[in-house]
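Welcome! Please take a moment with the sequence and the 3D view, and then we can walk through them together.

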Amino acid sequence: MNLIELKNVTLGYDNHIVLKNINFIVEENDFICIVGPNGSGKSTLIKGILGLIKPLKGQIKFNNLKQNFIGYMPQETKVDANFPASVWEIVLSGTLNNCLKPFYTKKEKDIALKNLKILHIEALKDKSFADLSGGQRQKVLLARSLCATSKLLILDEPSNNLDTKSKESLYEIISDLNKNHGITIIMITHDLDHNNLLGNKILSLREDDIFYGSTEEFVRRIHHDK
Ligand code: ADP
């Protein structure tokens with residue numbers, strides 16, 4: 001089933017067009033990697049899907065998915081590593097879906113606990129976020145974004161600045177969410193030199209050369225171009 005459908009969508013800012021006539025379908029259980037050079041419009045596309053900017057043209061349709069029930073994990077650079085909160089407070093806040101209220105329900109606490117367990121970070125629950133390693137922080141932020149959704153996670157370069165071991169551990173968890181927990185994934189990444197290309201589909205954004213298709217087809221194209 002299609003979760004999201006972009007039909008001839010043009011995205012940009014004021015009169016500056018970044019992506020023109022994009023056709024892009026996200027199907028349930030897809031794991032889509034978005035690649036492309038800096039400035040090619042990866043974040044702009046994500047902002048469009050999240051509803052942070054409106055399409056200048058075209059339509060973005062959602063099926064069986066509400067736009068504010070998408071889990072979003074921003075780039076690490078946009079999160080204050082010294083944020084004075086415990087892991088539990090940070091993960092729990094993911095259940096709020098942009099609503100502000102003074103307490104959490106039992107259901108919300110159960111969701112937060114379930115996600116700590118799925119990501120194997122239950123033991124970090126009472127630690128301060130500021131005391132964690134880079135890899136642990138990314139798992140906490142992943143658990144937080146998972147609290148906002150049971151369907152779709154959008155991850156913006158989640159493995160940035162992580163060492164190889166932490167990177168692999170994070171990718172293993174993301175693949176597990178996709179394969180065993182029914183979570184559709186859209187991930188911006190620069191990890192194309194990774195031997196095992198992640199995901200079933202790739203969206204590659206390059207000026208005048210936009211590719212969207214299976215990972216196998218993408219790999220064939222790269223070898224053909226060499
Ligand atoms: P990427 O994520 O691939 O690095 P972006 O989507 O961030 O690319 O940027 C695409 C283009 O849009 C760039 O030329 C960038 O300068 C421009 N851009 C990004 N954000 C804004 C903004 N808030 N206002 C105006 N232009 C922007």
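## Cysteines

How many disulfides does the count come to? The count comes to zero disulfides. Keep in mind as you read that this is a predicted model.

Cysteine 33 counts as buried because its relative accessibility is 3%, and buried means under 20%. Cysteine 147 counts as buried too, at 7% relative accessibility.

## The sheet

Now look for the strands. Strands of a sheet pair through backbone hydrogen bonds, either parallel or antiparallel. Here, six strands make an open sheet with mixed pairing, and their order is S5-S6-S7-S3-S8-S9. At the edges are strand S5 (71–73) and strand S9 (211–214), each of which pairs on one side only. From one strand to the next, the twist averages 15°.

Let's zoom in on one pairing. Strand S6 (residues 152–156) and strand S7 (residues 184–188) run parallel and are joined by five bridges. In this pairing, leucine 152 stands opposite threonine 184 in S7.

## Helices on the sheet

Which strands does helix H1 lie across? Helix H1 (residues 42–50) lies across strand S3 (31–35), S5, S6, S7 and strand S8 (201–204). The helix runs at about 145° to S7.

Helix H4 (residues 134–146) also packs on the sheet, where it touches S5 and S6. The direction of helix H4 makes about 155° with that of S5.

## Aromatic rings

A pair of aromatic rings is described by the distance of the centres and the angle of the planes. Searching the whole structure turns up two aromatic pairs. One of them is edge-to-face: phenylalanine 24 and tyrosine 212 have ring centres 4.8 Å apart and planes at 65°. Since phenylalanine 24 belongs to strand S2 (residues 16–27) and tyrosine 212 to strand S9, this pair ties together parts that are 188 residues apart in sequence. Phenylalanine 24 is buried, at 1% relative accessibility, whereas tyrosine 212 is partly exposed, with a relative accessible area of 26%.

Phenylalanine 211 and phenylalanine 218 form a tilted pair, 5.5 Å centre to centre with 45° between the planes. Both phenylalanine 211 and phenylalanine 218 are buried.

## Charges over rings

Finally, look for charged side chains placed over rings. Lysine 125 has its charged end over the ring of tryptophan 88, 4.7 Å from the ring centre. Over the ring of phenylalanine 129 sits the charged end of arginine 137, 5.7 Å from the centre of that ring.

Note on methods
Residues numbered from 1 in each chain as written. Predicted model: local features only at pLDDT ≥ 70, side-chain atom pairs only at ≥ 80, totals over all residues. Heavy atoms only, no water. Pairing = 2+ DSSP bridges. Helix = DSSP H or I, 4+ residues; strand = E, 2+ residues; numbered from the N terminus. Axes fitted to C-alpha atoms, helices over the stretch in contact; angles between N-to-C directions. Contact = heavy atoms within 4.5 Å. Disulfide = S-S within 2.5 Å. Buried < 20%, exposed > 50% of the residue type's maximum accessible area, 1.4 Å probe, protein only. Phe/Tyr/Trp six-rings, centres within 6.5 Å; stacked < 30°, edge-to-face > 60°. Lys NZ or Arg CZ within 6 Å of the ring centre and 35° of its normal.
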